[in-house]
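Subject: Handing over a structure, with notes

Dear colleague,

Please find the structure below, with the sequence beside it.

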Amino acid sequence: MNNNNSLTCAKLTLFTVSAVIIQIIGLSLFIVGFFPVKPTLSGMSGLESFSPPGFDPAQNISTLPPEKLKSVYQELSGVPPLFDRLILMVIDGLPAEFVLGRNGKPPPKVFMEAMPYTQSLLGSGLAIGYHAKAAPPTVTMPRLKAMVSGAIGGFLDVASNFNTQAFLDDNIIAQLRRIGWKMVMLGDETWLKLFPNMFDRHDGVSSFFVKDTIQVDYNVSRHLDKELGSTDWDLLILHYLGLDHVGHIGGRNSILMAPKLKEMDEVIKKIHSSITQTQKVNERGTLLMIVSDHGMTESGNHGGSSYEETDSLALFASAQKFRDVENRKEAYQVDIASTVALLFGVPIPVNNVGTVMSQVFTSLEDDQQLRLLELNSWQLLRLIQTHFSEFRCARFSCDSSNDKNGGAESFCCSYLAAASLHRSWASKNSSRSVDEDGYMSVVLAYRDFLGTASKWLSSRSTDKPICLLALGIFAMALSCLVLTSLLFLLDQKVNSKWHLDESFIVAVIFILVLSMGSSSMIEEEQYIWNFMTSSLYFLLLRRTMQSIITNGKQNIGSSDSIYSVIAVLICGRILRGWHQGGVNWTYLTDISKILEKAGTVYINSLHLLSVVFIMICLALLLLAKLQKRRFSVVLLLLLVYLFPVLMILTQITTNQDDTRLIQTIYALIGISTVGILVALPWLMPLLDPVSKEYSFGDAVYVIGWCYVSSWSLLQMLLQQPVNSMPTALLLVQILATIRYFSQGGLHIKQWVKVASLYYVGMAGHFGLGNTNTLATIDVAGAFIGISSHSTIISGILMFIITYASPMLALLSMLMDFDVKAFANSEENVDLGHVLKMTLGYPCLVPLVLNSILLVAYTIVLLLMRNHLFVWSVFSPKYMYVCATTACVYIGVSIVALSVTYTCAVFATRRKLNCSTSG
């Protein structure tokens with residue numbers, strides 16, 4: 001007898017919903033506390049930038065006209081601007097190693113041959129190039145902010161990348177505008193959103209149509225001849241998106257990559273030739289600055305912190321040679337802001353944490369170069385002051401015999417040592433030209449301070465409100481405890497014996513929790529899920545074999561069970577080898593890489609085969625379940641899904657992005673799914689014609705079948721073609737699991753069935769090539785079938801692609817429901833009891849499993865808040881944990897609402913039928 005009769009459906013629902021709400025509140029509190037918007041200093045740098053910290057300028061620059069302000073800046077700076085105009089060419093997604101090589105080696109031959117003019121500029125000293133390391137997240141908007149402000153934004157800037165707002169912090173664009181510069185922008189419209197009303201002319205394009213590799217760049221280049229011949233601008237920004245789009249479509253080694261690099265090289269040639277021809281004697285001329293916002297992985301994606309993603313380019317080219325050029329220098333992307341500011345004689349932005357790229361200024365005299373280092377040091381010292389109360393360097397004793405305790409004293413002493421050497425060197429006016437050792441001592445002292453200060457400011461974490469974080473964790477822990485208690489109450493049985501597979505399911509959770517403390521295990525989490533899921537099914541196979549041996553005979557049902565488990569294991573092994581996921585082993589050969597090398601013909605053939613295979617499997621499953629009793633229903637359902645299947649096959653064979661056709665497929669799948677959900681419970685016969693039992697179970701099964709079919713077809717449309725077969729294999733795993741559990745001889749508990757499906761879904765998530773880095777998010781697929789950019793729709797499609805496997809596993813639970821509670825034929829149906837027995841485990845088990853992992857990883861993230869990899873490994877993983885939580889909420893809600901609606905309709909029809917017959 002069960003002891004859970006006191007747990008009514010109303011109480012179960014109330015406690016579950018309350019626990020979920022508490023969990024959402026706790027998660028929100030923690031996110032707000034742990035990922036705050038990084039504090040920045042308000043206002044803009046001004047006259048104080050050209051004096052030591054503590055200087056209070058008497059003059060109000062807001063009253064000065066731009067030309068007057070420009071001359072005041074130049075007078076105070078002590079260093080004349082090196083150039084009059086700037087052309088900033090942004091090649092989105094260009095890895096620096098494509099131009100400069102890597103580890104002292106030149107770039108690959110195909111890339112060097114694709115950019116001959118750029119290589120000639122570097123070789124002749126007319127250009128100087130840097131590997132400008134970008135900070136994660138490596139997506140466009142936060143990287144543009146870093147380049148123009150010199151500041152490193154908050155980690156959650158990755159979210160605002162899709163909804164850019166005006167950038168109000170101090171930046172180079174605003175500083176140049178203040179001195180009267182006229183500006184033109186062509187290309188990525190992100191610039192227009194960041195700096196509204198700043199540009200005198202502009203022609204923006206959306207950066208999110210990643211299928212377009214031609215028009216986005218043509219839209220920029222078509223204006224070049226006119227703009228290069230114009231003299232009414234001081235800053236020309238050209239943001240080319242095509243190369244980034246090529247990467248998203250085909251990866252680094254795409255056949256489109258070399259032609260795109262050649263196209264960019266022709267643009268560079270045209271610009272550089274123009275500024276060379278227009279260079280006048282005794283004029284400073286125009287600087288061409290070629291930068292990239294981020295790099296890309298082998299697969300062409302970005303967002304994470306690997307070398308390939310953070311390796312961005314900063315290349316300076318002019319009509320005159322740079323002295324003592326040494327290319328392949330390393331710098332940071334935030335160094336661009338201070339360098340540009342000093343090149344053009346404006347104050348360094350107030351929140352800048354970067355250091356000046358000295359090699360760009362080698363044409364200056366020694367005293368001028370030291371002046372630039374001094375100005376940079378003053379700016380960083382002011383920024384450091386904001387982190388310490390009563391920061392005054394004069395009160396510190398910097399005697400070398402005293403141990404410095406770090407912090408403010410260490411920075412002060414480092415700066416004062418450089419300033420002292422600078423003053424000493426400057427006082428020796430007569431010997432400055434020959435005092436090379438003294439000059440280098442000053443440079444090294446300034447570099448020591450700048451490097452230490454920049455590194456400290458860059459890694460400086462904001463103060464996290466511990467009370468808010470503790471409250472968030474407490475709320476999530478309380479929610480987890482409530483959900484777990486409800487699950488135990490639901491499963492409370494007398495003398496219930498636990499089998500090995502049941503204990504192993506619980507052990508998997510503990511293993512996952514323990515692995516979360518290791519950054520390497522987080523990067524390679526796919527191995528844990530693959531191993532644990534395979535081990536679970538080996539245990540189920542062992543249990544099946546033991547049952548056959550114990551009973552002394554083998555029937556058809558036991559044979560089906562064995563075949564089903566073997567099918568799951570085989571498909572799992574193929575999925576394991578399809579993608580070398582994670583971070584450390586992506587270079588190893590896998591099935592997807594072999595197919596990509598083989599060519600699109602093989603991939604498209606597999607894509608077609610996968611669609612046909614999926615529908616055959618689903619059709620056979622439906623026929624096997626309902627053929628004898630509901631043949632008309634089966635025939636109708638197959639006809640409904642025939643049309644979208646034929647359209648998807650047409651889309652694959654034509655290999656064209658037909659937006660209207662894709663939108664029609666979306667509409668057909670959506671209407672079919674919703675229509676079947678709403679109409680089927682009313683149209684299906686109330687009683688089974690054979691067993692005379694109520695058809696509630698069949699209705700739920702058919703609705704689940706429709707969900708699985710619609711979701712699978714949607715993935716065939718959205719996933720990368722190389723992922724079509726893994727999606728089909730994942731479906732086979734889920735269907736084989738349902739088939740295995742439908743054999744009633746083993747008496748497997750309901751919570752074990754649900755947990756097994758959940759584990760298959762999570763293993764499949766990594767089997768489709770997903771990882772815990774942002775770089776593996778398929779951005780290209782998020783714009784399939786979209787005619788105009790929509791952040792919401794693109795975000796939904798991105799979520800559908802990324803969480804294809806977990807959601808498929810959750811939706812498939814409708815095909816394996818225990819509906820015995822509805823089997824009796826009494827008139828007064830206890831609807832609450834039916835829903836509790838039907839929905840209890842499918843809803844609670846995923847919520848409990850996810851809640852345990854959510855709470856555990858939240859605590860891990862808090863403990864690792866000062867870890868070296870907190871922003872590159874642990875924080876991206878936490879974003880995935882939050883997204884998985886949302887996936888579980890959505891999946892469980894769909895399952896609960898579908899069953900509740902179906903049950904209510906059948907109860908109503910049952911009551912009406914009993915009343916009519918009575």
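Leaving aside its neighbours within four places in sequence, Trp 578 is in contact with Asp 590, Ile 591, Ser 592, Leu 595, Leu 606, Val 722, Asn 723, Met 725 and Pro 726. Please keep in mind throughout that this is a predicted model. Trp 578 belongs to helix H23, which covers residues 556-578, and because its relative accessibility is 5%, under the 20% cut-off, it counts as buried.

The next element to look at is strand S1, residues 85-91. Is this strand buried or exposed? Of its 7 residues, 7 are buried, so S1 is largely enclosed by the rest of the structure. In a regular strand, side chains alternate between the two faces of the sheet. In S1, Arg 85, Ile 87, Met 89 and Ile 91 point one way, while Leu 86, Leu 88 and Val 90 point the other way, and all of them are buried.

Strand S1 also has partners that you can trace. It runs parallel to strand S6 (residues 286-291), to which 6 bridges join it, and within this pairing Leu 88 stands opposite Met 289 of S6. S1 pairs with strand S5 (residues 235-240) in the parallel sense as well, over 6 bridges, and here Val 90 is the residue that stands opposite His 239 of S5.

Turning to the helices, H12 (residues 242-250) and H13 (residues 257-277) pack with their axes 10 Å apart and at an angle of about 175°, which makes H12 roughly antiparallel to H13. On the H12 side the contact is made by Gly 242, Leu 243, Val 246 and Gly 247, and on the H13 side by Met 257, Lys 260 and Leu 261. Sorted by class, this contact has 4 nonpolar, 2 polar and 1 charged residues.

Lastly, Thr 140 is found in helix H6, residues 140-149, and at 10% relative accessibility it counts as buried. Its side chain makes a polar contact with the side chain of Asp 92, at 3.3 Å.

With best wishes

Technical notes
Residues numbered from 1 in each chain as written. Predicted model: local features only at pLDDT ≥ 70, side-chain atom pairs only at ≥ 80, totals over all residues. Heavy atoms only, no water. Axes fitted to C-alpha atoms, helices over the stretch in contact; angles between N-to-C directions. Helix = DSSP H or I, 4+ residues; strand = E, 2+ residues; numbered from the N terminus. Parallel < 35°, antiparallel > 145°, perpendicular 65-115°, else oblique. Contact = heavy atoms within 4.5 Å. Nonpolar A, V, L, I, M, F, W, Y, C, P; charged D, E, K, R; others polar. Buried < 20%, exposed > 50% of the residue type's maximum accessible area, 1.4 Å probe, protein only. Pairing = 2+ DSSP bridges. Polar contact = N/O pair within 3.5 Å; in protein donor to acceptor, adjacent residues only side chain to side chain.
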